[in-house]
Amino acid sequence: MLWLLASCEQPRQIHLLSGETMGTTWSVKVVDLPAGVTLTSVREDIELLLESINRQMSTYRPDSDISRFNQAEAGSWQILPADFWRVIRYSLQLAEDTDGAFDPTVGPLVNLWGFGPDPKRDKPPLAAELEAVQARIGYQRLSWRDADQALLQPGGAYVDLSAVAKGYAVDKVADLLIGLGVENLLVEIGGELRAHGAKPAGQPWKVAIEKPLPGVREVAHILAMKDIAIATSGDYRNYFQAGERRYSHIIDPRSGYPVDHQVVSVSVLHPRCAEADALATALTVMGAEEGMVWAEARQLAVLFMVQSGSTVEEFASSAFRRLVTEEAMP
Ligand code: ADP
Ligand code: MG
């Protein structure tokens, strides 16, 4: 029976799966697969799941549930599929809690500024165009009905869940794997990620937070991640430049303009990636000063990177500092 013994002592390895979704890439690392589960079947399950999320929440697909809602007649109730419902309900709560800094109805502004399915632009829109679109913005315009999970299209409302959908999809993939009996996993979509368990020899999963400096990329922190998610928002990857100015893809729905302060990035640690993702966007809109007070009041683990002259300064909330030191201990 020597061969059996030998096969038992095979080093446990990390299996990697990856693909494309939501205009970006996804990747999954798993350590052991439970009996009866193969890498091929896991890949199929993940792809089906991501497809179902896109069919519900992609504004890039004219036939998605979200696009159907966005084009629906004024005054009509639309019954939403489960994931879309969950994400819009959470987004509306966050909109209220942030006084509209985060707003799922920001879509027409996102599109006008060239960051949605419409073509990119190289100069800002005219004041008159902005004004015309503002009438369609405002989370208060949306009403919902819990009984049949329906959302009322008040007319011209265009929901955009891009600030939270990637994080939500990370959670769904993680939950799927956990449901299959996988204990050690790392799920990532477009840089938002969630980790459970540990690597083969029991070391924690680790992620790096970059310090985005002009021209160079420096690692600011390496975090040990256990049963937690992290998401980062920032203007350093998705923007357009017109003259001296950079226009970010994160828009303050209250002014109609892309955020214009010195926040380079915001990272949020949270047990769920959907929340981490949405909160990172919300805090980017609020800015470091207001955002930090808001985050401290809610005991959120957040890290702001703020441009200060030619350097980048960091501001970490107390929950972030606590989590990071604890996680770093053996
Ligand atoms: P990324 O997509 O680069 O990871 P985010 O998670 O911050 O970044 O999401 C940004 C997207 O969220 C934008 O492209 C836009 O579709 C949407 N968005 C922009 N501003 C807001 C806002 N104030 N509230 C909610 N969603 C927003
Ligand atoms: Mg986000």
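Predicted model: local features only at pLDDT ≥ 70, side-chain atom pairs only at ≥ 80, totals over all residues.
**Ligand 1 and its shell**

Around ligand 1 there are 18 residues, of which D160, K166, S233, I251 and T281 come nearest. Sorted by class, this shell is made up of nine nonpolar, four polar and five charged residues. Residues of the shell are contributed both by domain 2 (68–153) and by domain 3 (204–330), so ligand 1 lies between these two domains.

| Residue | Protein atom | Ligand 1 atom | Distance |
|---|---|---|---|
| H249 | polar side-chain atom | oxygen | 2.9 Å |
| D103 | backbone N or O | nitrogen | 3.1 Å |
| A163 | backbone N or O | oxygen | 3.4 Å |

Ligand 1 taken alone exposes 570 Å², and 93% of that area is buried by the protein. Two or more residues of the shell come from each of the elements α7 (162–180) and α8 (273–286).

**Aromatic rings**

In general, the distance of the centres and the angle of the planes describe a pair of aromatic rings. With ring centres required to lie within 6.5 Å, the model has two aromatic pairs. A cluster of W113, Y247 and Y257 is linked by ring pairs. A further contact involves a charge and a ring: R145 is placed over the face of W77, at 4.3 Å from the ring centre.

Note on methods:
Residues numbered from 1 in each chain as written. Chains lettered and ligands numbered in written order. Heavy atoms only, no water. Phe/Tyr/Trp six-rings, centres within 6.5 Å; stacked < 30°, edge-to-face > 60°. Lys NZ or Arg CZ within 6 Å of the ring centre and 35° of its normal. Near = heavy atom within 4 Å. Polar contact = N/O pair within 3.5 Å; in protein donor to acceptor, adjacent residues only side chain to side chain. Areas by Shrake-Rupley, 256 points an atom, 1.4 Å probe, with all protein chains shown as cover. Helix = DSSP H or I, 4+ residues; strand = E, 2+ residues; numbered from the N terminus. Nonpolar A, V, L, I, M, F, W, Y, C, P; charged D, E, K, R; others polar. Domains from an automatic or database assignment.
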